[in-house]
Structures are given as C-alpha cells and as structure tokens.
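User: I would like to go through this structure step by step. Please answer my questions in turn.

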Amino acid sequence: MKYSAILALGSALSVNAAALAKRTAVVGSAEGFASGTTGGGSAACATPSSVAQLTTWLTDSTARCIVLDKEYSYLTTEGTTTETGCRPASNTCGSSGQDAINHASWCDNGNAGTGSTSISVTYDTAGTSGIVMGSNKSLIGVGSKGVIRGKGLRIANGAKNIIIQNIHITELNPQYIWGGDAIAVDGADQVWIDHCKFSLIGRQMFVAGTGASNRVTLSYNEFDGATSWSATCDNRHYWAIYLTGSSDLITMKGNYVHHTSGRSPKIGGNSLVHAVNNYFYSNSGHAFDNGAGGMVVAEGNVFQNVDTPLLENLGSFFGSPSTSANSVCSTNMGHTCQVNTFGSSGTLGGTDTSFLTNFSGKTVATASAASSSISSSAGVGKI
Ligand SMILES: *[C@@H]1O[C@H](CO)[C@@H](O)[C@H](O)[C@H]1NC(C)=O
Ligand SMILES: *[C@@H]1O[C@H](CO)[C@@H](O)[C@H](O)[C@H]1NC(C)=O
C-alpha cells in the first residue's frame with residue numbers, strides 16, 4: 001500500500017472511532033427540573049451480551065453506562081399467563097378494542113363499567129412488571145437500534161440519578177389494559193428521559209406516582225399512540241402519560257405526543273408540571289386532565305387536531321393565554337411564557353397564576369415559540 005493510501009486509511013479510521021465514541025455517550029444534558037442529572041457519570045460504556053446481562057446491569061447498585069445497539073426482547077422470558085380478565089364496557093368494537101387483565105381486581109371493582117363481561121385473557125407475563133432500576137445509570141441507544149421489547153422500566157424506592165436516552169420501548173401486551181407500563185417512576189429523584197420512543201404499550205407510556213419522584217425531565221420523546229387495540233375504539237391509545245406523584249417537579253419539553261385519545265397527560269397529587277414546546281397531534285379525546293393538586297404551566301405547545309386540549313381543571317392551570325398575560329411568568333420562571341397554538345383543536349383555558357411561586361429557585365426550562373417541527377427531532381435516531 002502506498003504511504004498516502006495508508007495515511008488516508010488512518011484518518012478514515014480515526015474519524016469512525018470518533019463518530020462511534022460520540023454515539024456511545026450521553027448527548028447533551030437535561031433541561032429544566034432534572035438538570036444536573038449525571039446517570040452513570042464517567043463509568044465506561046458497555047453493551048450487554050444478553051437480556052439477562054441487561055437486567056443485571058440495570059438492577060445492580062453499580063454506576064453504569066449501558067449501550068444498546070440492538071433489540072433486547074423480553075417476550076416469553078417469563079412465560080405466558082392465561083386467566084380470567086374482562087371485556088370492559090369501553091370495548092364496543094371487540095377485537096380492535098382493548099380488553100383488560102384483572103389487575104388489582106380492576107374488572108370486579110366497577111372500573112370496567114356496566115355491561116363488562118368476563119373473558120379469558122392470555123398475555124406475556126414479562127410485560128406486566130418493569131425492570132427495577134438501581135441508581136446512577138445511563139441507558140443509551142445507538143442510532144435507532146436500541147430497543148427493549150416486551151418489558152418496561154421501573155424507577156422506584158429511592159432510586160436516583162438515571163438517564164434513559166434514545167431507547168425505544170415497545171410491545172407490552174398492547175391488547176390489554178394493565179398489560180404493562182413502559183416507564184414507571186414511584187419514589188425517585190433526578191430522572192431524565194430523553195429522545196426515547198414508546199409504542200404499543202398496554203397501560204401507561206410514562207407514569208409518575210404515587211410516591212415523591214422529585215425532579216424529572218421528559219424531553220424530546222415520541223409518545224406514539226397508534227394501535228390496533230384502542231380503549232376508545234379508534235386506533236388511538238388512551239393511557240399515555242400519568243403524573244400524580246406526592247411531590248413531583250416535572251418538565252415536559254419538546255415531546256411529540258400523537259395518536260392518543262386521553263391522559264396526555266393526566267396530572268394530580270402534588271405535581272408541578274412545566275409543559276413547554278410539546279407537539280400534541282391527532283388526539284381524539286383529551287390532552288391535559290388536571291386533577292386536584294395538579295399545577296401546570298402549559299406554554300409554547302402546538303395542539304393540532306386535538307379534540308379537547310384540557311378536559312377538566314380541578315387543580316391550578318396556566319394556559320399562557322396572551323403575550324400580555326404571559327409576562328406574569330417572568331418573576332418566578334425567568335421568562336415571559338410563550339403562547340400555545342391551536343389548529344382544528346378545542347380551547348385550553350387556564351388563567352391561574354397563584355402557584356407560579358412554586359417555580360421560584362428551581363431550574364426552569366427555556367421556552368421557544370410553538371412549532372410543530374418538533375416532530376422531526378423527537379424520538380429515537382434523532383441525536
Ligand atoms: C450514586 O452516586 C453517588 C455519587 O457518586 C453516590 O454518593 C451514591 O452512593 C451512588 N448510589 C448508589 C446506589 O450507588
Ligand atoms: C408548591 O408549593 C406549596 C406551598 O409552598 C407546597 O406545599 C407544595 O408542596 C409545592 N408543590 C410542589 C410540587 O412543589
């Protein structure tokens with residue numbers, strides 16, 4: 001080989017090595033409430049060789065950077081379960097609706113509605129419980145290849161300092177209510193979920209509650225509700241995002257929430273939610289449902305084809321109604337709130353500002369003008 005060719009090869013190799021290194025490290029840092037989250041910190045990044053090793057690395061108490069460059073399928077790893085569940089009253093469309101597992105007697109305690117019937121259900125057992133994560137973890141995907149199929153993640157019991165970036169969680173018994181949650185947080189602090197995708201999930205794509213989950217940022221994720229088993233019988237997922245922790249600060253920035261029909265998100269407990277620059281698209285039911293104890297600032301969001309942007313407000317809700325009204329945000333949030341935009345959608349409302357003092361002294365995400373272009377930068381394979 002000529003010397004010049006060797007030189008060219010050498011530089012090509014070093015470019016590839018640099019690109020690889022870039023893809024196998026956390027990109028950027030958390031905006032908003034979970035700022036300062038370091039995950040696995042300086043731990044060397046490594047790729048688990050199997051589903052079993054992935055489980056070990058996620059659950060142990062060692063600080064880790066875990067890189068997924070392929071799909072890890074938990075389907076059938078815990079067998080299947082056949083038992084009595086129900087067809088709830090909401091399922092008026094049979095096989096294209098969502099039936100239910102009788103989790104916590106849900107089918108028997110009135111939640112399934114008048115006219116619900118018992119049926120036999122068969123589901124993949126792994127989907128119904130999440131992998132219980134230890135503290136100090138970064139879990140990151142390479143390109144759009146990092147997929148966890150058939151099981152979700154649970155961050156609870158005081159687990160802290162966790163980054164999940166560029167991971168697609170999918171296929172948690174989507175045909176069944178209670179089929180599984182993609183990410184469940186219940187008693188945690190400093191959780192940053194970034195550029196992830198959630199699809200074909202039985203229950204919640206993200207849930208925080210009922211313990212205190214403290215500082216959480218959900219940024220640039222894709223919540224893809226398209227499904228063949230819809231609780232509202234219209235190919236859209238009802239159970240998207242549920243935020244009812246007892247002391248939670250949640251930043252939702254830059255997320256693309258589409259083809260859902262409810263709970264996008266539902267809020268309650270004692271939760272301060274800053275929903276900024278998200279894009280809510282094609283929602284046949286409601287986006288926000290603000291229960292008692294929910295405190296929400298919604299600014300700079302796009303609502304496109306969203307039937308009901310705010311279902312009910314039993315808590316406190318500031319919907320950033322006009323540029324003049326929005327200057328009230330400055331004192332505690334450090335910026336004038338951005339107006340939301342609406343296309344073929346209902347109205348948002350919400351003029352309560354009494355709770356804005358809750359933002360005082362916190363790290364608050366910045367806001368840009370509302371834009372639907374977020375749909376091309378949210379989700380996996382975009383960083
Ligand atoms: C996580 O990291 C912090 C800072 O290094 C350390 O103090 C803490 O003990 C770690 N937690 C666990 C469970 O290892
Ligand atoms: C909001 O502020 C009130 C009054 O200080 C406090 O009781 C409540 O815990 C705060 N909630 C959150 C989520 O910060």
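User: How far does a polar side-chain atom of Asn 358 lie from an oxygen atom of ligand 2?

Analyst: The model is predicted: local features need pLDDT of at least 70 and side-chain atom pairs pLDDT 80 or more, while totals for chains, interfaces and linings use all residues. Residues are numbered from 1 along each chain as its sequence is written, chains are lettered from A and ligands numbered from 1 in the order written, and side-chain values use heavy atoms, without hydrogens and water. A polar contact with a ligand is a pair of N or O atoms within 3.5 Å. For Asn 358 and the oxygen atom of ligand 2, the distance is 2.5 Å.

User: Which residues surround ligand 2?

Analyst: A residue is near a molecule if one of its heavy atoms lies within 4 Å of it. The shell divides into three nonpolar residues, two polar and one charged. Its members are Asp 248, Leu 249, Asn 270, Leu 272, Met 295 and Asn 358.

User: How far is a polar side-chain atom of Asn 270 from a nitrogen atom of ligand 2?

Analyst: Asn 270 belongs to the residues that surround ligand 2. The distance from its polar side-chain atom to the nitrogen atom is 2.9 Å.

User: What share of the 383 residues in the chain is buried?

Analyst: Buried means under 20% relative accessible area, computed with a 1.4 Å probe and protein chains only. By this criterion, the share of buried residues in the chain is 52%.

User: What does the C-alpha trace of the chain span along its principal axes?

Analyst: The extent is given along the principal axes of the C-alpha trace. The span is about 80 × 60 × 40 Å.

Terms used
Polar contact = N/O pair within 3.5 Å; in protein donor to acceptor, adjacent residues only side chain to side chain. Nonpolar A, V, L, I, M, F, W, Y, C, P; charged D, E, K, R; others polar. Buried < 20%, exposed > 50% of the residue type's maximum accessible area, 1.4 Å probe, protein only.
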